[in-house]
Amino acid sequence: MTDSPPREPRRLTRGEWLVIAAPAAWIALFFLAPFALIVKISLSRPAQARPPYEPVFDLASGVAGLLEKISQLGFDAYRGLAEDTLYLDSYLSSLTTAGIATLVALVAAYPFALAIARAPQKWRPILIGFAVAPFWTSFLIRVYAWIALLKDEGIINHALMSLGVIDAPLPMFATRGAVIVGIVYSYLPFMLLPLYAAIEGQDPSLREAAADLGASPRQVFLRVTLPLSKRGIVAGVLLVFIPAVGEFVIPDLLGGSDTLMIGRSLWNDFFANRDWPAASAAAVALLALLLVPILLYERAQTREGRR
Amino acid sequence: MTDAPLLSIKGVSKRFGAVTALDDVSLEVARGEFFALLGPSGCGKTTLMRLVAGFEAPDAGRIEIAGEDMSGAPPHRRPVNLMFQSYALFPHLSVFENIAFGLRRQGKDKPAILARVAELLEIVKLTGVEKRRPDQLSGGQKQRVALARALAPGPRLLLLDEPLGALDRQLREETQFQLKEIQRKLQTSFVVVTHDQDEALAMADRIAVMRAGRIEQIGAPAEIYERPATRFVASFIGQMNFLPGRIEDGLFVGAFGRLPAPPTNLPDGAKAALAVRPERVAPTTDDGLDGIVEDVAFRGEIIHIRVRLASGEILRVSRGADQGARASIGDRMRLAIAADAAQLFTDER
Amino acid sequence: MSARVLRNATLALGFAFLYGPIAILTAMSFNASRLVTVWGGFSTKWYSALVHDERMLQAATISLSAAALSALIATFNGLLAALALARFGAFRGRSLFAGSLYAPLVLPEVVFGLGLLLVFVALDVERGFVTLVLAHAAFTMCFATVMIHAALKDCDPTLEEAAADLGATPLRAFILVTLPLIAPSVVSAYLLAFTLSLDDFVIASFTTGPGATTLPMRIYSQVRLGVSPEVNAISTLLLGFVALILTASALLTRGRAKGGGAG
């Protein structure tokens with residue numbers, strides 16, 4: 001088969017519509033409608049009602065009623081976000097915490113991915129499989145496992161104290177450091193997989209050629225391996241950073257009451273304060289924060305897909 | 001009705017985006033004919049075959065099989081079967097089930113299927129492997145299973161996409177003869193797509209030479225070899241020398257000197273290239289072009305000689321190994337090109 | 001030689017980091033003592049305590065049935081979506097289709113959970129088991145699609161053409177040729193959607209109702225009170241269950257790589 005030349009977008013045939021109808025309707029209902037609703041609710045006001053916001057659009061009220069209700073929409077919730085220093089702090093804190101955690105994850109994952117990619121060929125799939133497997137196990141449980149390690153009376157402090165390294169327990173639990181460790185631990189597979197793919201996919205003769213041309217092992221790594229894995233680094237960084245910014249479970253379980261993150265604020269607004277417009281506005285703000293990285297990621301993916 | 005061609009392609013064009021794959025192609029294949037579509041990769045021969053099989057729809061023109069218009073007919077309703085270049089054997093099915101696949105779609109009953117599969121395995125000389133999976137077969141065996149599978153439903157027309165492409169050299173030659181024999185026995189029309197001119201010349205009753213989405217020439221192998229219609233066909237089929245020059249008073253004049261001009265309707269003074277096959281260039285002691293032997297290659301029954309003319313041009317000459325004295329590098333050689341041995345082409349077409 | 005030592009040390013360190021906390025958690029679930037720092041001897045008493053925890057058992061039942069159902073819907077939808085992406089070429093609306101399909105892969109869970117909840121509220125659906133199943137089916141569908149899409153891309157499309165050429169309708173060609181070849185990946189996709197649903201806490205919290213509290217939600221409310229041996233025990237069970245499913249899935253996909261080599 002010769003490869004098929006590029007084609008212009010075409011209409012779907014009737015048979016193809018039969019295939020695509022169910023997933024397309026599904027996507028419209030559960031992926032696209034939520035976005036529209038989040039935006040709409042974020043422009044509403046909280047109310048003591050079911051649902052706890054107003055206006056509530058009602059098709060029965062006719063066009064005039066609908067228009068009137070649209071005029072009731074406003075930016076109150078966003079004003080609330082912008083004026084509340086707690087919210088602003090949580091944005092900033094989300095970005096820095098996620099940023100630091102992403103860097104740590106990159107630095108930790110690179111040698112690990114390199115070691116797996118350089119292992120004997122028959123071991124590689126098994127090693128990467130085991131490295132990624134924790135991703136499929138419960139996130140909650142994996143974060144929970146760190147509580148026992150990090151607490152004042154936890155395993156690490158206990159071990160250090162009985163070895164005589166420290167006299168009083170190190171305050172690790174309920175700190176930003178604990179949140180960072182939790183993020184690195186939970187999202188390491190996301191960093192590892194693209195890095196491994198980028199390193200393992202390199203033609204080994206490139207390194208041999210560089211060495212043959214007089215490059216030391218260090219130079220081979222810096223001039224050949226590292227630049228060629230750029231794609232994997234970008235994908236890994238985005239795959240860790242994006243979900244980390246919106247993380248709720250990790251700051252809630254490992255962070256202190258002062259470890260603010262936007263996902264946690266959203267959660268509290270929704271569950272504790274029952275302020276749905278504020279939670280929706282936080283969601284919109286979160287998406288706005290992530291828009292650039294998400295678009296970068298999508299672009300990298302489509303480029304990858306075209307290759 | 002019996003005189004209607006089995007396959008008739010009329011003015012078919014096909015574009016993929018900005019690329020024109022086929023441009024106004026017309027041809028006919030008769031019942032029981034062994035036909036070859038020959039051309040370099042990207043010439044559109046595979047696209048043409050996929051149009052006939054029904055995997056693509058033409059943008060313009062029509063395709064008729066046994067007088068019936070095929071437009072809009074999906075692949076599974078066409079009386080045509082295709083032997084894929086990759087063989088496309090179903091990896092999860094046994095050899096038997098692969099061959100029976102088309103028969104089951106026709107709703108044949110069990111004894112009929114058993115008999116037909118056995119018959120086909122006999123035809124392709126491959127028995128005793130019915131229970132094997134495709135990945136347990138050798139390349140040559142896979143090729144035969146693919147052939148048997150495509151023949152099983154009894155198509156009126158069998159399309160073969162580079163049928164010998166995946167075989168090694170020795171097996172290829174042997175299989176050429178077998179394919180031809182099977183085709184003769186079954187009297188099914190075969191259309192072979194190939195880029196290999198030797199294959200096309202050896203097997204086909206007629207050949208269509210394609211280039212850049214167009215048909216350059218359709219004819220019997222000898223006709224195409226001896227009277228190429230275009231310069232492209234002349235250079236694509238077999239070895240050919242081209243000497244640039246122009247026509248002057250019935251002579252062909254160039255840097256090399258002057259030669260008797262082949263019959264032509266080109267006007268006096270017209271620029272052209274003189275095309276001559278290496279085996280039609282003859283050493284002579286009379287009038288001719290002088291040159292020096294630059295290289296001699298021994299190829300068993302034939303010797304290939306490269307001669308550099310005094311004007312700098314290279315002429316390839318081939319001679320039977322038993323014809324006269326051996327030439328060696330550095331020898332002087334005088335060559336004659338008879339008017340009826342050569343053909344003239346203007347630079348394009 | 002030293003490079004190999006360094007490589008193996010890195011591997012050991014990496015896997016210790018990944019599996020250490022899980023291993024400690026598992027060990028603790030068999031610890032007779034309530035304290036994480038004291039080994040009070042081997043005991044399975046926390047597991048026997050679980051058997052009598054009605055609320056935990058009920059949550060487990062809900063989680064397992066929600067996972068089984070939602071994974072079924074997700075796999076079916078994912079199969080159709082993957083088919084469209086892998087076989088329809090460049091059709092109109094493809095980028096919107098693919099873009100929104102893969103959105104949950106990069107979307108923060110809190111946003112996705114909130115959005116799904118708002119859809120259910122707008123449709124005036126009572127929140128409970130049904131909304132939980134639908135939400136999980138929506139969330140796990142993209143993972144199923146990715147997996148089945150990969151298998152379809154590996155599956156030579158000329159095989160489908162060959163089937164069509166031999167007289168099979170598109171539907172028959174799919175059932176007789178494509179489906180058997182991608183079956184291991186479809187089963188894997190189901191199993192992985194199942195584990196994702198089983199493990200999910202955030203989306204379930206938004207979309208379920210009072211009558212359908214899931215196992216992770218139950219665990220979470222206990223975890224907030226601190227480390228407890230009961231939670232260690234149920235966590236270990238959950239980890240073991242997922243490990244079992246992963247092994248099954250890995251064996252399946254490996255079988256495919258071996259058997260499908262000729263395709």
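1. Two residues are in contact when heavy atoms lie within 4.5 Å. By that rule, 81 residues of chain A are in contact with 77 residues of chain C. The model is a predicted one.

2. Between chain A and chain C the buried area is about 7100 Å², and carbon and sulfur atoms give 81% of that area. On the chain A side, A:Trp26, A:Trp136 and A:Tyr144 lose the most area to chain C, together 12% of what that side buries.

3. Polar links across this interface can be listed. Seven residue pairs are in polar contact between chain A and chain C, both residues being at pLDDT 80 or more. Helix H1 of chain A gives the most to the side that touches chain C, with 18 residues. Sorted by class, that side of chain A has 63 nonpolar, seven polar and eleven charged residues.

4. The rule finds one salt bridge across the interface of chain A and chain C. The side chains of C:Arg224 and A:Asp252 meet in a salt bridge, at 3.6 Å from N to O.

5. A:Leu12 is found in the segment before helix H1 (14–42) of chain A. With a relative accessible area of 15%, A:Leu12 is buried, because buried means under 20%. Apart from neighbours within four places in sequence, A:Leu12 is in contact with A:Trp17 and A:Ile20, and with C:Phe88 and C:Phe91.

6. In chain B, B:Lys14 sits in strand E1 (residues 7–16) and is buried, with a relative accessible area of 9%. A polar atom of the B:Lys14 side chain lies 2.8 Å from the backbone oxygen of B:Ala57. Neighbours within four places aside, the contacts of B:Lys14 include B:Leu51, B:Glu56, B:Pro58 and B:Asp59.

7. Over all chains the structure holds 21 salt bridges. One of them joins the side chains of B:Asp196 and B:Arg172, at 3.7 Å from N to O. B:Asp196 lies in the loop between strand E8 (189–194) and helix H6 (197–203), and B:Arg172 in helix H5 (residues 169–186), so the pair ties together parts that are 24 residues apart in sequence. B:Arg172 is partly exposed, at 23% relative accessibility.

8. A salt bridge also joins B:Glu294 and B:Arg308, at 2.5 Å from N to O. B:Glu294 belongs to strand E16 (residues 289–299) and B:Arg308 to strand E17 (residues 302–309), so this pair ties together parts that are 14 residues apart in sequence. B:Glu294 is partly exposed at 32%, and B:Arg308 is partly exposed at 35%. Elsewhere, salt bridges that share partners join B:Lys10, B:Arg62, B:Glu64 and B:Asp69 into one network.

Technical notes. Residues are numbered from 1 along each chain as its sequence is written. Chains are lettered from A and ligands numbered from 1 in the order in which they are written. This is a predicted model: local features need pLDDT of at least 70, side-chain atom pairs count only at pLDDT 80 or more; totals for chains, interfaces and linings use all residues. Side-chain values use heavy atoms; hydrogens and water are left out. Helices (H or I, at least four residues) and strands (E, at least two) are DSSP runs, numbered from the N terminus. Buried means under 20% relative accessible area, exposed over 50%, partly exposed in between (1.4 Å probe, protein chains only). A polar contact is a pair of N or O atoms within 3.5 Å; within protein, one must be able to donate a hydrogen and the other to accept it, and residues adjacent in sequence count only if both atoms are side-chain atoms. Buried area is the accessible area (1.4 Å probe) that two parts lose on being put together, summed over both. A salt bridge is a side-chain nitrogen of Lys or Arg within 4 Å of a carboxyl oxygen of Asp or Glu. Ala, Val, Leu, Ile, Met, Phe, Trp, Tyr, Cys and Pro count as nonpolar, Asp, Glu, Lys and Arg as charged, and the others, Gly among them, as polar.
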